[in-house]
Amino acid sequence: MAVDFDESNQDNKKRKASDIEKLSCPYLDTIQRTLLDFDFEPACSVSLQSGPHIYACLVCGKYFRGRGRQTPAFTHSVEESHFVFVHLTKGTFHCLPDDYEIVDPSVSDIQAALHPTFTPSKIENLDSNTGLSRDLFGRKYLPGFVGLNNHKKTDCINAIVQALVHVTPIRDYFLSPERVRHEDLDNPPPTNQMDNRKGKKKLKTHTVNRSAVLVTQAFGDLVRKIWSDRRFKSTVDPHILVQSISNASKKRFRVGVQAEAGELIAWLLHQLHLGTGGTKEPGSSIIHQTFQGCVEVTMKKAKKEVVQVENNNKDDRLGSDEEVDEDDYDNINTNTPSEQATSKLTIEETTTKTHFLQLTLDIPEKPLFRDEAGGLVIPQEPLVNVLKKFDGSTFSDSLDRKGQAQRKRYRLHKLPNYLILHLDRFKSNNYSREKNPTIVAFPVKNLDLHEYVFPTTGRPVLPTEEQIRSMSVKDIKKFFAQFGEEGILKGHIDKGELREAAVDFAVNTLPDLLADKYDLVANITHESSMSVGREEKADPLQEGSYKCHVHHRATNQWYEIQDLHVQEIMAQQIGVSESYVLVFRRKGVK
């Protein structure tokens with residue numbers, strides 16, 4: 001009896017996965033966890049191709065494409081006798097060349113290191129965590145306070161990432177289970193847009209924001225790795241995010257060239273806004289909900305107007321330039337005076353309202369002096385003086401895009417829950433770039449910005465305890481929604497519990513929310529030699545380096561993070577550093 005081997009092979013290939021999964025993989029003991037590193041870009045080490053079907057060999061740690069015959073992963077398993085692989089996107093484990101899926105609890109630690117996951121209760125307890133974790137080499141680290149590799153002058157990216165991952169709403173958003181880890185770029189969600197040619201609505205996809213989505217994906221993966229307590233290494237490599245930023249910015253922020261933190265954080269926040277589904281509408285993304293404020297800008301600009309001036313003093317004397325011939329005298333209307341064009345200078349004033357994600361502050365120039373030992377004395381300036389730009393009455397000089405002089409006045413109408421202050425230290429011209437080393441002194445806690453805010457509708461009046469207790473359930477919900485604290489309603493079902501929660505919020509939290517007081521969350525500094533940019537004429541931006549100070553709320557301890565180095569620092573040292581970007585949190589925000 002003849003046997004059809006082709007049909008037999010097809011039947012073998014169609015074996016149920018449940019029958020295969022019952023077989024324990026005999027090669028799990030060949031896994032070398034110390035060689036595994038999932039921080040790099042998922043690209044095949046043989047063909048250099050990237051894509052969704054890249055596998056990591058759990059024996060040597062290298063990346064290969066595919067799983068079927070004639071693929072680099074299959075060839076590697078046969079030639080090197082390395083049989084256990086993991087899918088870098090799906091996180092599934094496979095045995096090659098037999099090609100069956102491995103389901104075993106002993107590889108759960110690899111799954112956690114590849115794709116860290118967080119439950120809602122775990123996210124809620126992150127700020128109160130004081131326990132240290134250990135990597136495979138026995139090194140201790142505190143989740144959320146880990147070093148990042150420097151890929152040659154990428155410390156600016158590292159410092160900005162360290163600051164943003166400690167902004168609680170941003171961190172919780174990217175750690176939440178509801179957050180889709182890998183968006184489907186081939187089927188992006190459509191948005192409505194008008195077709196200018198036909199006057200009809202057409203569907204436009206987010207393919208134009210593909211680079212923003214890739215940056216957002218890389219940033220989200222990096223946030224999860226930084227806060228993971230099951231790392232194989234006590235450090236994280238931001239290689240994928242650095243590459244995504246370089247490609248999306250068209251090499252504006254690239255490896256080997258130091259970036260300005262103020263420009264980079266503004267660009268990155270815009271990319272994250274687009275990547276999380278943000279639109280032009282205020283508050284349309286988690287970025288706008290966290291950092292967006294409102295400011296009124298009054299601009300005065302000089303404008304020349306051509307004015308026609310009547311000239312009745314016409315000189316028609318004999319021999320003058322305006323002498324009229326007798327033949328033409330009859331053709332002239334003697335009742336119409338001549339006109340002359342002159343220019344008149346007027347001041348044009350316009351007022352507009354706009355939204356912001358960060359406030360840029362100009363540091364006043366101060367001269368440097370040398371002390372008796374020959375060292376430079378660095379001047380200091382309190383933050384209150386620097387904030388005069390936003391006091392609502394001071395006009396500051398600036399230039400528009402055409403290079404024309406103009407004066408602007410800023411009146412803040414609303415401040416966000418997380419406020420970013422950019423201290424502009426660098427001034428560039430056609431020949432060089434100079435840095436202002438003036439130290440801006442600021443309080444780490446209780447920064448009062450009450451006098452800089454001018455609400456359009458006035459400040460809300462605090463309700464009394466009697467008024468709250470007399471509210472209905474519907475009124476209590478409106479009360480919480482008015483201040484954006486609907487989350488407090490979770491877990492409170494009984495009417496009495498809702499009232500007690502409202503009373504507690506109005507007495508203990510609401511006064512801080514309305515007082516416009518802020519505590520420091522992160523401080524990005526730029527340090528360079530005092531001689532750079534002055535005597536030696538070197539570029540102070542390229543010769544300097546960035547570091548970030550972040551606060552651990554559970555222990556009230558400040559940490560200084562510069563690339564891979566993480567160390568404790570006293571709060572008194574932060575206020576006298578060369579701060580460049582400050583991130584503040586409104587008091588009372590949970």
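Predicted model: local features only at pLDDT ≥ 70, side-chain atom pairs only at ≥ 80, totals over all residues.
Student: Why is Asn436 called buried?

Tutor: The cut-off for buried is under 20% relative accessible area. Asn436 has 2%, so Asn436 counts as buried. Asn436 sits in the loop between strand S22 (433–435) and strand S23 (439–441).

Student: What makes the pair of Asn436 and Thr438 side chains a polar contact?

Tutor: Such a contact needs N or O atoms within 3.5 Å, one able to donate a hydrogen and the other to accept it. The side chains of Asn436 and Thr438 make theirs at 2.7 Å.

Student: Which residues does Asn436 touch, leaving out those up to four places away in sequence?

Tutor: Ile363, Pro364, Glu365 and Arg425. Touching here requires heavy atoms within 4.5 Å.

Student: How many cavities of 30 Å³ or more are there?

Tutor: Six. A space counts as a cavity if a 1.4 Å probe fits but cannot get out.

Student: What makes up the lining of the second largest cavity, by class?

Tutor: Four nonpolar, no polar and five charged residues. Asp, Glu, Lys and Arg count as charged, and the lining includes Asp37, Asp39, Lys225, Arg231 and Lys233. Leu36, Phe38, Ala113 and Phe232 also line this cavity, and Leu, Phe and Ala count as nonpolar.

Terms used:
Residues numbered from 1 in each chain as written. Heavy atoms only, no water. 1 Å grid on protein atoms, 1.4 Å probe; cavity = no way out; pocket = protein on both sides within 12 Å on 5 of 7 lines; lining within 4 Å. Points joined across faces, edges and corners; volume = space filled by probe spheres on them. Helix = DSSP H or I, 4+ residues; strand = E, 2+ residues; numbered from the N terminus. Buried < 20%, exposed > 50% of the residue type's maximum accessible area, 1.4 Å probe, protein only.
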